[in-house]
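Here are a few notes to read alongside the model.

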Amino acid sequence: MEAFDLYSPAIDENPFPYYAELREKHPCYWSESAGIYILSRYDDIVRAGQDWETFSSTGGNLIDELPNRAGATLGTTDPPRHDRLRALAQAAFMRKNLQALTAPAEELAEAALDRILARGSFEYVEDFSSQITVGLLFRVMGLPDIDHSDLRRKVILSISTDKAVKGRNQTHIDAFSWIRGFLSEEVAKRRRDPKDDLITHLAEAEIDGDRLTEREIEMTTATFVMAGVESLSSFMSVFALNLHDYPDARRRVVADVGLIAPAIEESLRFNTSAQRFKRTVAKEVELHGVSLKPGDKVALAYGSGNRDWRKFASPDVYEIERRPQGHLGFGTGKHFCLGSQMARMVTEISMRCFLKRIPEYHLTGEKLMWNSSSNFRSPVALPMAVGKIS
Ligand code: HEM
């Protein structure tokens, strides 16, 4: 087969035919360019995702990891350290009832829609999905009023890879350092002046006298910023794209808003934004005749497991009433997404507001551009216009 190269634009654009070949012919495939094995079958991914003693996260979960991140935050630690971080982060997260986000999410969506409808044409990622996700993040975290677009640009750079160097370049690393520096100042401010926001709740979270250290608060906050801005706005954009590409599904959702929730689950299966995450082999193990040694890198290709016919019938069909049990859109095992309920809720509210006011929309660009990333899949921009194609 043509090499499965994580730095190829074809994989950013449409990894699914490549995954199909991997699953059938090379279920434990060595990808030379990234120096990583790729697990593509549903059962293998679930087994590896749950067996953290063999497939460790301490080497980081980003395929091209960022400096100082491995071993320091939720996605990059194993139990017992991970259990402790997760319990403390969850305690902070749970202090704000999710329902308290409903009104702000609606408010942000309606304000974005007022601006969009005043113009008629818009760019979905910048003008809609990011307005809501970044706007909510600033409120939940109590961040000062800096340029939202600039923060989003830095988050995108932090999850991007450079095809020329097959990995990170200095711009990506600098963007992440800037985010860390910015958040570290915010954490210090909350220590001096506690507020009713997520950063303060992280700083105050305590279980049996145990608290997060300063660095853990900063790195956990950075994880929330990256996930809240990138994973969520990218997923919302992919969801809007699915409803564009499958107009019958969109019409059914417009006619019955009760179908939005199952349509979201199907999009998380069909093409989640979080396509692949890394693990590092901690104990020798054999898979499909390949002997994996301690230190070897392995990518759990969640996006591929979601299209495995062994688990999901007719996996390449987008069927909004499929209700796919056990899909991997939010991962599996100990590192299952901490923000899954929030992500579902924000997507549902935003899309309900959007479809009510814009039941018909169409893409206006020639060709979609996809961000370059070894982990994530997200459109750079979705230029659109209100109404049917005339
Ligand atoms: C639709 C949007 C989202 C998708 C598709 C998504 C997907 C994922 C996936 C696949 C993982 C597993 C990573 C791994 O296996 O190493 C993960 C972990 C995580 N996600 Fe999300 N996520 C989304 C939104 C969010 C949001 C909004 C937040 C919080 C603000 C969040 C916070 C986290 C955290 C903290 C982890 C690490 C959990 C741990 O390691 O214990 N995510 N996410």
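A crossing is called left-handed if the near helix is turned anticlockwise from the far one by less than a right angle, and right-handed if clockwise. Helices (H or I, at least four residues) and strands (E, at least two) are DSSP runs, numbered from the N terminus.

1. Ground rules. This is a predicted model, where local features need pLDDT of at least 70, side-chain atom pairs count only at pLDDT 80 or more, and totals for chains, interfaces and linings use all residues. Residues are numbered from 1 along each chain as its sequence is written.

2. The chain overall. The chain has 14 helices and 12 strands. Its radius of gyration is 20 Å, close to the 21 Å that the globule rule gives for 390 residues, so the chain is as compact as a globular protein of that length. Here the radius is taken over C-alpha atoms, and the rule is 2.2 Å times the number of residues to the power 0.38. Along the principal axes, the C-alpha atoms fill a box of roughly 60 × 55 × 40 Å. Of the 390 residues, 47% count as buried (20 or more other C-beta atoms within 10 Å of the residue's own; exposed is 12 or fewer, partly exposed in between, with C-beta atoms placed from the backbone).

3. Helix 8 against helix 10. The axes of helix 8 and helix 10 come within 9 Å and cross at roughly 120 degrees, which makes helix 8 oblique to helix 10. The crossing of helix 8 and helix 10 is right-handed. On the helix 8 side the contact includes Ile 179, Arg 180 and Leu 183, and on the helix 10 side it includes Glu 214, Ile 217 and Glu 218. The residues of this contact divide into six nonpolar, two polar and three charged. For the terms: axes are lines fitted to C-alpha atoms, for helices over the stretch in contact, with angles from 0 to 180 degrees between N-to-C directions. Angles under 35 degrees count as roughly parallel, over 145 as roughly antiparallel, 65 to 115 as roughly perpendicular and the rest as oblique. Two residues are in contact if their C-beta atoms, placed from the backbone, lie within 7 Å. Ala, Val, Leu, Ile, Met, Phe, Trp, Tyr, Cys and Pro count as nonpolar, Asp, Glu, Lys and Arg as charged, and the others, Gly among them, as polar.

4. Helix 7 against helix 8. Helix 7 (residues 148–158) and helix 8 (residues 170–192) have axes that come within 8 Å and cross at roughly 125 degrees. These two helices are therefore oblique to each other, and helix 7 passes helix 8 in a left-handed crossing. The contact residues of this pair divide into six nonpolar, three polar and one charged.

5. Lys 154. Which residues does Lys 154 touch, not counting those up to four places away in sequence? They are Ala 175, Trp 178 and Ile 179. Lys 154 sits in helix 7 and counts as buried because it has 21 C-beta neighbours inside 10 Å. What covers the buried residues of helix 7 includes helix 6 (124–141), helix 8 and helix 10 (214–245).

6. Backbone spots to look at. A cis peptide bond, with omega about 5 degrees, joins Pro 79 and Pro 80. Pro 80 lies in the loop between strand 3 (55–56) and helix 4 (81–94). Asn 68 is also found in the loop between strand 3 and helix 4, and its phi is near 65 degrees, a positive value in a residue other than glycine. Asp 208 has a positive phi of about 50 degrees and, with 5 C-beta neighbours inside 10 Å, counts as exposed.
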